[in-house]
Amino acid sequence: MSSSDSARAFLRLVPATAEDHCPSQWFCGHCGSPPPNNETPAPPARVCGECGLGLLLEARADAVPRPNDPFLIVDGSLAVCALSAESEKLLAVAETDVINRPVTELLTPADAEASGAENLAAAIMWAARGEDEPTRVMVRPANVFGVRMPLRVGACGPPRAALLVLE
């Protein structure tokens with residue numbers, strides 16, 4: 001190795017490839033409330049202090065539901081893991097009746113010919129795998145025709161899952 005080679009730096013600063021980093025935020029998987037002072041919860045303290053029912057989850061700040069937004073938590077097998085109180089009212093179901101049931105029993109795509117990122121199942125699967133960018137799709141309640149609702153699908157966890165926020 002020559003002296004000119006040893007004087008060269010081996011590490012180089014590489015510009016970030018992500019355009020804009022979006023911060024994450026914690027929220028309750030039942031009521032949507034953030035933890036006190038938006039602090040990261042300690043591992044044994046991940047139960048919501050507001051409602052006492054939900055597990056605190058983390059998601060991108062632009063995907064997190066507001067406290068009164070209807071939302072669902074769905075795992076990678078498309079099974080419902082949690083349902084907010086607002087979703088229970090909107091979809092006229094009890095959370096206990098839909099846990100571990102397929103999300104398609106509650107919501108179906110409103111656009112039958114949608115494909116790619118607009119496909120409901122694909123959007124949920126990508127989010128449950130950890131796809132960072134939220135996706136928007138149109139859905140309708142499974143038992144109602146003529147109703148279209150925008151749905152924001154983003155990643156959340158732990159454990160890794162998809163966050164579906166009805167807008």
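The model examined here is predicted.

Helix α4 spans residues 120-128. Its buried residues are Leu120, Ala122, Ala123, Ile124, Ala127 and Ala128. Just after α4, Gly130 adopts a positive phi of about 110°.

The cysteines were examined next. A disulfide is a covalent bond between the sulfur atoms of two cysteines. The model contains 0 disulfides. For Cys48, the closest cysteine sulfur belongs to Cys28, at 3.7 Å. A disulfide requires sulfur atoms within 2.5 Å, so the sulfur atoms of Cys48 and Cys28 are too far apart for a bond. Cys48 is buried, with a relative accessible area of 5%. Cys22 is also buried, and its relative accessible area is 17%.

Empty space was considered last. Rolling a probe the size of a water molecule over the atoms shows where such space is left. The largest pocket has a volume of about 170 Å³. It is lined by 13 residues, of which Glu58, Ala59, Ala155, Cys156 and Gly157 are the closest to its centre. Strands β2 (56-60) and β7 each give two or more residues to this lining. By class, 6 lining residues are nonpolar, 3 are polar and 4 are charged.

Methods
Residues numbered from 1 in each chain as written. Predicted model: local features only at pLDDT ≥ 70, side-chain atom pairs only at ≥ 80, totals over all residues. Heavy atoms only, no water. Buried < 20%, exposed > 50% of the residue type's maximum accessible area, 1.4 Å probe, protein only. Helix = DSSP H or I, 4+ residues; strand = E, 2+ residues; numbered from the N terminus. 1 Å grid on protein atoms, 1.4 Å probe; cavity = no way out; pocket = protein on both sides within 12 Å on 5 of 7 lines; lining within 4 Å. Points joined across faces, edges and corners; volume = space filled by probe spheres on them. Nonpolar A, V, L, I, M, F, W, Y, C, P; charged D, E, K, R; others polar.
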